[in-house]
Amino acid sequence: DPIYRFGGPSTMDPSSTSEALGNDPVRASELGVANLQRIIPKLLQWTFEEGENYDQLEEMYEEVLDQWSEYVRHVALLVGGVDRTYRAQGQEGRPYTPVTSHRQKAAIGYLDRQVFRTPEWMIDQDILFRIEGSGIQDRIRTLQVDALQRLLSVSRMKRQIEQEALLGPDAYGLQEMLADLRRSVWTELDTGSPIDPFRRNLHRGYLDRVQTLLEDGAARASDIAPLMRGELKAVSMAAEDSRLASPDELTQLHLEDVITRIDEILDPRD
């Protein structure tokens, strides 16, 4: 009876994590973000105290961003996730069940919509210029890079490799996930649109994470390393085509830098 289901904190079971609501982390998190988007325009009014400074406004704004990060954590657990139901011998069914490929792919869709596309609703000038002189680009980069690090963790990626080995075409394999992630993070390479400062930061964060992965012994001892090198080569080729076609000078310079960095990552020299 699922009403009696229980479990402890888990880094691979999306149904056993703190502060999670419902049986669909993607749907619950979409609703949660919608609530946060309603809160932001009200923060100035709700934190107003005549003659006081803006410390409370800053605190509440940061609480909103922290809650948003919780939703990212809930959703990311679906990717490479494994549901665990405690069972004794003699009870029907197996304790471990990989999360379906459909649910894993839906999680990547959420991260595309809510994380890797710049969350414009966070960039409220009425709030930002009351709590800081600068820093929103760094805030958003930190949030996005944290999501990338969660997604591109060695343990998660190894589970995806294993699930594909066991389940075949029924699995959401690592190669498919990485291709979906590339299309999300590097959208401008397909659309040819100018790349703004927030997205340039995301691109650099992606390259930083991949470089760290390729230096990780566990990643190098698995399929992770060759797949990540393949992703970098795909990004580099698309970046060169996009650079040549782009009329925007800053986008051209950014893509030149991307290509140079990828060359350095793939062929490091002391």
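How many helices and strands does the secondary structure of the protein come to?

1. The count is 13 helices and 2 strands, taken as DSSP runs (H or I of at least four residues for helices, E of at least two for strands) and numbered from the N terminus. Keep in mind that this is a predicted model, where local features need pLDDT of at least 70, side-chain atom pairs count only at pLDDT 80 or more, and totals for chains, interfaces and linings use all residues. Residues are numbered from 1 along each chain as its sequence is written, and side-chain values use heavy atoms, leaving out hydrogens and water.

2. On overall dimensions, the C-alpha trace spans about 65 × 55 × 35 Å along its principal axes. Of the 270 residues, 44% are buried (under 20% relative accessible area, with exposed over 50% and partly exposed in between; 1.4 Å probe, protein chains only).

3. Now the contacts (heavy atoms within 4.5 Å). Among those with a separation of 6 or more, 71% come from residues 24 or more positions apart.

4. His102 sits in helix α4, residues 101-116. This His102 counts as exposed because its relative accessibility is 64%. Its C-alpha is 9.3 Å from that of Asp170, although His102 and Asp170 are 68 residues apart in sequence.

5. Glu63 belongs to helix α3, which covers residues 55-76. With 43% relative accessibility, Glu63 counts as partly exposed.

6. On charge, the protein carries 31 positive and 47 negative side chains, and the centres of the two sets are 6 Å apart. Here Lys and Arg are positive, Asp and Glu negative, while His and the chain ends are not counted; each charge is placed at NZ of Lys, CZ of Arg, CG of Asp or CD of Glu.
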